[in-house]
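The following note sets out some points on the structure shown below for a colleague who is new to it. Please read each point beside the sequence and the model.

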Amino acid sequence: MTNNYSKAEKATMYFIGVTTGKSSIMKVFPEWAKYLGIYAEIKGFDFMWHDDPARYMEAVNFIKNDPLSMGALVTTHKLDLLDACRNEFEGLGPYANELHEISSISKRGNELWGHAKDPITVGLSFEAIVKDGYWNGSGAEMLILGAGGSSLALVTYLIDRAKAGRDLPSKIIVNNRSEKRLNELKNHAAKMVAEAGIEGMNIEYNLCPTAADNDAAVAKLKEGSLVVNATGLGKDGPGSPLTDNVVFPEKGLVWEFNYRGDLVFLEQANAQKESKSLTVVDGWFYFIHGWTRVIAEVFHKDIPTEGPVFDELCKIAARAGAPAKKAG
Ligand SMILES: NC(=O)c1ccc[n+]([C@@H]2O[C@H](COP(=O)([O-])OP(=O)(O)OC[C@H]3O[C@@H](n4cnc5c(N)ncnc54)[C@H](OP(=O)(O)O)[C@@H]3O)[C@@H](O)[C@H]2O)c1
């Protein structure tokens with residue numbers, strides 16, 4: 001993979017990922033930029049999974065030193081990039097040190113800044129699905145399938161929510177197919193809970209190597225519980241973390257983190273939507289919040305997270321991004 005680091009001729013934001021050209025953002029960004037009055041373009045930089053640190057350094061140095069290169073959104077390489085380039089950043093925003101990652105690169109005058117936006121953007125997406133007070137007295141639980149970066153962001157958000165004294169699921173359950181990341185998440189969450197001095201936050205961690213194990217965990221959930229697919233299965237790998245025999249909880253909420261791919265998990269939920277009165281949501285709002293928070297940081301633009309301007313951004317994204325969304 002060779003990236004083109006030629007001097008930007010107009011304000012440019014970069015997307016640092018793996019197959020950036022396939023993302024809907026390539027079609028959505030120009031339309032959003034027009035609407036927001038940002039005179040800029042977007043370009044992708046592709047890297048291999050766990051690429052050579054020198055390649056991350058090359059990209060970050062290019063952005064840092066090229067005047068019209070304004071910043072970047074980072075996916076997949078969030079930990080590796082910060083690890084390789086930490087000394088290039090004059091400032092790191094909230095969560096970056098705690099989570100050892102950045103998803104946003106921006107400039108403040110001559111300073112290069114990195115931010116970890118995921119706990120914020122996953123939280124905004126969560127709040128779009130689950131209204132304030134939903135968990136109060138309901139007994140409903142939350143099952144997160146997967147213990148990767150976005151599950152960690154979601155658990156971080158939930159710990160912040162507990163710190164703020166807001167309503168929470170009666171139990172948060174995290175299932176992962178292998179032990180390493182499950183333990184990492186567990187240790188991380190325990191440290192955050194202890195530092196925040198929170199008592200009585202009920203988080204359970206289960207090693208679940210098979211889809212049948214995950215089915216059993218779903219079957220035990222109480223009415224109104226939320227099931228989240230944060231495994232990437234359906235997009236990053238084939239299939240679903242559940243089997244077709246899964247039984248979702250009555251009046252449950254089902255959230256697939258992705259919006260493109262062969263989303264079998266979403267199909268499994270939709271098959272029970274009527275019979276179980278489910279609310280089924282894909283990752284489209286997560287995509288929109290993820291991008292708009294980083295665009296706001298990169299272009300120093302106040303972009304609301306709800307209301308008429310946000311609604312218009314959603315409509316523009318649906319119009320511009322729809323073909324790629326359907327094509328997966
Ligand atoms: N819509 C959006 O804008 C948006 C934003 C953020 C993330 N996402 C999507 O969310 C997905 C997850 O992202 P991520 O960054 O958290 O990925 P990640 O770091 O790769 O983590 C995925 C986790 O799921 C686990 N897993 C895989 N198969 C499983 C199974 N059958 N049962 C239980 N656990 C399983 C993996 O286990 P191991 O530990 O064994 O590998 C890993 O811990 C990705 O597809 C990403 O594209 C979408």
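In which strand is N206 found? The points below begin with that residue and then turn to other parts of the model, which is a predicted one.

1. N206 is found in strand β9, which runs over residues 203–207. The residue is partly exposed, since its relative accessible area is 22% and buried residues are those under 20%. Leaving aside neighbours within four places in sequence, N206 is in contact with I173, V174, N175, N176 and L182. D118 lies 88 residues from N206 along the chain, and the C-alpha atoms of the two are separated by 23 Å.

2. P209 lies in the loop between β9 and α8. At 55% relative accessibility P209 counts as exposed, because the limit for that class is over 50%. Not counting residues up to four places away in sequence, P209 touches N176 and R177. The contacts of N206 also include N176. P209 and I159 are 50 residues apart in sequence, and their C-alpha atoms are 26 Å apart in space.

3. Helix α8 covers residues 211–219, and its buried residues are N214, D215, A217 and V218. Why do these lie on the same side of α8? They cover an arc of only 160° around the axis, and this places them on the same side of the helix. As background, an α-helix has 3.6 residues a turn, so residues three or four places apart point the same way. The partners against which the buried residues of α8 pack are β7 (142–145), β8 (172–176) and β10 (226–229).

4. Helix α9, residues 264–271, has V264, F265, L266, Q268 and A269 as its buried residues. Their cover includes β7 and β10, together with β11 (253–256) and β12 (279–281). Strands β7 and β10 are also among those that the buried residues of α8 pack against.

5. S125 is found in helix α5, residues 118–129. Is S125 buried or exposed? With a relative accessibility of 2%, S125 counts as buried. Once its neighbours within four places in sequence are left aside, the contacts of S125 are W255, F285, Y286 and H289.

6. A153 has its place in helix α6, residues 149–163. This alanine counts as buried, at 1% relative accessibility. With residues up to four places away in sequence not counted, A153 touches D118, P119 and V122. A153 and S170 are 17 residues apart along the chain, while 19 Å separates their C-alpha atoms.

7. A317 lies in helix α11, residues 308–327. At 0% relative accessibility, A317 counts as buried. How far apart in space are A317 and F29? The two are 288 residues apart in sequence, yet the distance from C-alpha to C-alpha is 8.3 Å.

8. Most residues other than glycine have a negative phi. H100 has a positive phi, near 60°; its place is in the loop between α4 (96–99) and β5 (104–108). At 44% relative accessibility, H100 counts as partly exposed. K251 likewise has a positive phi, near 55°, and its place is in the loop between β10 and β11.

9. Some values describe the chain as a whole. There are 11 helices and 12 strands in the protein chain. Its radius of gyration is 20 Å, close to the 20 Å that the globule rule gives for 328 residues, so the chain is as compact as a globular protein of that length. Taken along the principal axes, the box filled by the C-alpha atoms is roughly 55 × 40 × 35 Å.

10. Of the 328 residues, 54% count as buried. Among contacts between residues at least 6 apart in sequence, 75% join residues at least 24 apart. The accessible surface comes to about 14,700 Å², and 51% of it belongs to carbon and sulfur atoms. The chain has 36 positive and 42 negative charges, whose mean positions are 3 Å apart.

Conventions:
Residues numbered from 1 in each chain as written. Predicted model: local features only at pLDDT ≥ 70, side-chain atom pairs only at ≥ 80, totals over all residues. Heavy atoms only, no water. Buried < 20%, exposed > 50% of the residue type's maximum accessible area, 1.4 Å probe, protein only. Helix = DSSP H or I, 4+ residues; strand = E, 2+ residues; numbered from the N terminus. Arc of directions from axis to C-beta. Contact = heavy atoms within 4.5 Å. Rg over C-alpha atoms; globule rule 2.2 N^0.38 Å. Areas by Shrake-Rupley, 256 points an atom, 1.4 Å probe, with all protein chains shown as cover. Lys, Arg positive; Asp, Glu negative; His and termini not counted. Charge placed at Lys NZ, Arg CZ, Asp CG, Glu CD.
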